[in-house]
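Let's walk through this fold together, one question at a time. Have the viewer open and follow along.

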Amino acid sequence: MSIARFDTVLINGSVGTGKTSAAEAVGEALQRCGVSGAVIDVDWLSRFWPASEDDPFRTALALENLQAITANFRRAGAAVVVVATVMETIDQLQRTTVALGSPRSLHVRLTLDPDVARSRLAGRHGDDAAALSWHTRRHPELAGILERAAFTDDMRIDTTHKRPREAAREILSAIVAGP
């Protein structure tokens with residue numbers, strides 16, 4: 001059985017960078033290594049409408065839900081919780097880490113070439129013109145916000161030419177020590 005160096009992996013990045021796919025692949029890899037864990041996609045924790053004007057992305061609700069769900073996973077024995085999320089500021093990163101009850105977290109930021117992002121987003125939202133338009137505009141905006149946030153990323157992975165499993169292998173090498 002492998003030993004995890006981190007109890008939480010936060011996979012952050014703009015829309016289309018592969019956060020959810022990478023998180024799922026990391027979870028599968030941890031399971032193969034015998035490390036107990038859970039995967040959470042924060043997007044699902046904020047699927048509530050209508051959004052309030054002061055919290056358009058439902059960040060406060062997502063953090064409350066994240067805290068509750070993570071506590072349940074930890075009580076059940078999760079050694080590592082892998083989280084796909086968007087954190088735009090260092091303050092959001094700190095609040096997320098607190099909500100996760102994490103003394104040893106790994107912050108991974110995924111990046112992606114804008115042209116490849118447009119192509120991926122077209123594949124994902126091609127049948128919904130409004131969603132495609134919003135996500136296509138949001139990718140460079142959010143990528144810029146994350147770049148200016150002055151994160152001291154523990155890991156930064158360009159997913160332009162990488163499949164989720166390749167990114168997951170890089171992340172796993174930082175998480176797991178030995179067999």
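## The sheet and what packs on it

Six of the six residues of strand 4 are buried, so strand 4 is largely enclosed by the rest of the structure. Please keep in mind that this is a predicted model.

Q: Which residues point one way from strand 4, and which point the other way?
A: In a regular strand the side chains alternate between the two faces of the sheet. In strand 4, Val81, Val83 and Thr85 take one direction, and these residues are buried. The other direction belongs to Val80, Val82 and Ala84, which are buried too.

Q: What is the order of the strands in the open sheet, and which strands stand at its edges?
A: The sheet is open, has five strands and shows parallel pairing, in the order 3-4-2-5-6. Two of its strands have a single partner strand each, so one side of each is left without a neighbour in the sheet; these edge strands are strand 3 (37-41) and strand 6.

Q: By how many degrees are neighbouring strands of this sheet turned against each other on average?
A: Here the direction of the strands is ignored.

Q: How many bridges join strand 3 to strand 4, and how many pair strand 2 with strand 4?
A: On one side, strand 3 runs parallel to strand 4, with Val39 standing opposite Val82, and five bridges join the two.

Q: Which residues make up the covered face of strand 6?
A: Strand 6 (residues 155-158) runs parallel to strand 5 (residues 105-111), and four bridges join them. Across this pairing, Leu110 stands opposite Ile157, and Thr111 stands opposite Asp158. Arg156 and Asp158 form the uncovered face of strand 6, while its covered face consists of Met155 and Ile157.

Q: What arc do the buried residues of helix 3 cover around the axis?
A: An α-helix has 3.6 residues a turn, so residues three or four places apart point the same way. In helix 3, the buried residues are Ala62, Leu63, Leu66 and Thr70. They lie on the same side of helix 3 because they cover an arc of only 95 degrees.

Q: Which exposed residues does the face of helix 3 turned away from its buried side carry?
A: The buried residues of helix 3 are covered by elements including strand 3, strand 4, helix 2 (42-45) and helix 4 (90-99). On the face turned away from that buried side, the exposed residues are Glu64 and Arg75.

Conventions. Residues numbered from 1 in each chain as written. Predicted model: local features only at pLDDT ≥ 70, side-chain atom pairs only at ≥ 80, totals over all residues. Heavy atoms only, no water. Buried < 20%, exposed > 50% of the residue type's maximum accessible area, 1.4 Å probe, protein only. Pairing = 2+ DSSP bridges. Axes fitted to C-alpha atoms, helices over the stretch in contact; angles between N-to-C directions. Arc of directions from axis to C-beta. Contact = heavy atoms within 4.5 Å.
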